[in-house]
Amino acid sequence: MLGVIVAGRLVQTDFQQVGETQFLITVPDADNINHIVLFLTGTIPFPDGTGGAVYFSWPDSSAPPNWQFLGYISNAKPSAIFKISTLKKNHEFENSNLGIFGIGKISHVAQIGVSVEPLAVIEQQAVVVSTVAASSFLEFAQKMLTSFLNYVSSFSVTQAQMTPNPTENFIPLSTVQSWYETFERRLQQNPNFWKA
């Protein structure tokens with residue numbers, strides 16, 4: 001029913017059913033994976049009104065799985081690409097010389113879980129996740145803009161304080177302030193306006 005593609009590898013379809021509506025697959029050597037593609041194979045559709053909520057886990061032998069919602073697939077949306085590179089844990093080693101003398105690199109195994117749930121529930125979860133991400137981006141952009149304005153303002157001088165320099169260009173601080181206010185207003189109206 002389900003398949004996973006990792007670039008440069010064969011398709012994996014060996015999902016294991018671990019609950020009445022839950023399926024799990026292990027992706028070996030996941031250290032260098034940036035994206036995964038999850039898809040319906042076309043042999044069995046989801047029951048009407050349901051879809052597959054897709055979760056990612058980076059197993060840790062000293063802790064229970066930490067499942068992170070990636071998105072979903074459905075009969076109307078039978079495949080999706082998910083970026084997982086930002087979800088991977090950064091493992092730090094106590095001894096930085098572990099790769100010397102033939103000791104191989106430690107391999108990590110990722111898990112992908114699919115939970116068959118009502119589409120209304122999954123779509124609501126996807127909206128919440130995207131809203132949180134947009135809110136986080138908006139906060140970052142506002143802090144970055146404020147930092148930029150504060151930095152530029154720290155160099156401001158009055159015309160009387162200016163030293164003539166024919167090779168230097170000057171921009172009135174009011175111009176930067178106006179740009180900042182316009183950009184912040186547009187960001188508030190539509191956090192994705194800059195993508196156009």
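How many residues does H2 have, and how far does H2 reach from its first C-alpha to its last? Keep that in mind as you open the viewer. The model is predicted.

**Stop 1: the whole chain**

Look for two helices and eight strands. Now trace the chain along the sequence. The pattern reads β-β-β-β-β-β-β-β-α-α. Of the 196 residues in the chain, 29% are buried. Among contacts with a separation of 6 or more, 70% are between residues 24 or more positions apart.

**Stop 2: helix H2**

Select residues 173-189, which make up helix H2. Here is the reply to the opening question: H2 has 17 residues and reaches 25 Å from its first C-alpha to its last. That is close to the 24 Å expected at 1.5 Å a residue.

Now colour Val-176, Tyr-180 and Leu-187, which are buried in H2. Turn the view to look down the axis of H2. Its buried residues fall within an arc of 40°, so they line one face of the helix. An α-helix has 3.6 residues a turn, so residues three or four places apart point the same way. Then pick Ser-174 and Gln-189. They sit on the other side of H2, and they are exposed.

**Stop 3: Leu-145**

Move to helix H1 and select Leu-145. Is Leu-145 buried or exposed? Its relative accessible area is 3%, under the 20% cut-off, so Leu-145 is buried. Which residues does Leu-145 contact, leaving aside neighbours within four places in sequence? Show Trp-179, Tyr-180, Phe-183, Glu-184 and Leu-187. Draw a distance from Leu-145 to Tyr-180. They are 35 residues apart along the chain, yet their C-alpha atoms are separated by 6.9 Å.

**Stop 4: the loop between H1 and H2**

Select Phe-170, in the loop between helix H1 (119-153) and helix H2. With Phe-170, they form a nonpolar patch on the surface. Together the three have about 270 Å² of accessible area.

**Stop 5: Trp-58**

Go to the loop between strand S5 (50-57) and S6, and select Trp-58. Trp-58 has a relative accessible area of 5%, so this residue is buried. Trp-58 and Val-109 are 51 residues apart in sequence, but 7.0 Å apart in space, C-alpha to C-alpha.

**Stop 6: Ser-74**

Last, select Ser-74 in strand S6, which covers residues 68-74. At 4% relative accessibility, Ser-74 counts as buried. What is Ser-74 in contact with, leaving aside its neighbours within four places in sequence? Show Leu-40, Phe-46, Thr-50, Gly-51 and Leu-119.

Technical notes. Residues numbered from 1 in each chain as written. Predicted model: local features only at pLDDT ≥ 70, side-chain atom pairs only at ≥ 80, totals over all residues. Heavy atoms only, no water. Patch = residues over 30% accessible without salt bridge, like charges linked within 9 Å, V, L, I, M, F, W, Y side chains within 5 Å. Areas by Shrake-Rupley, 256 points an atom, 1.4 Å probe, with all protein chains shown as cover. Salt bridge = Lys/Arg side-chain N within 4 Å of Asp/Glu carboxyl O. Helix = DSSP H or I, 4+ residues; strand = E, 2+ residues; numbered from the N terminus. Expected span 1.5 Å × (residues − 1). Buried < 20%, exposed > 50% of the residue type's maximum accessible area, 1.4 Å probe, protein only. Arc of directions from axis to C-beta. Contact = heavy atoms within 4.5 Å.
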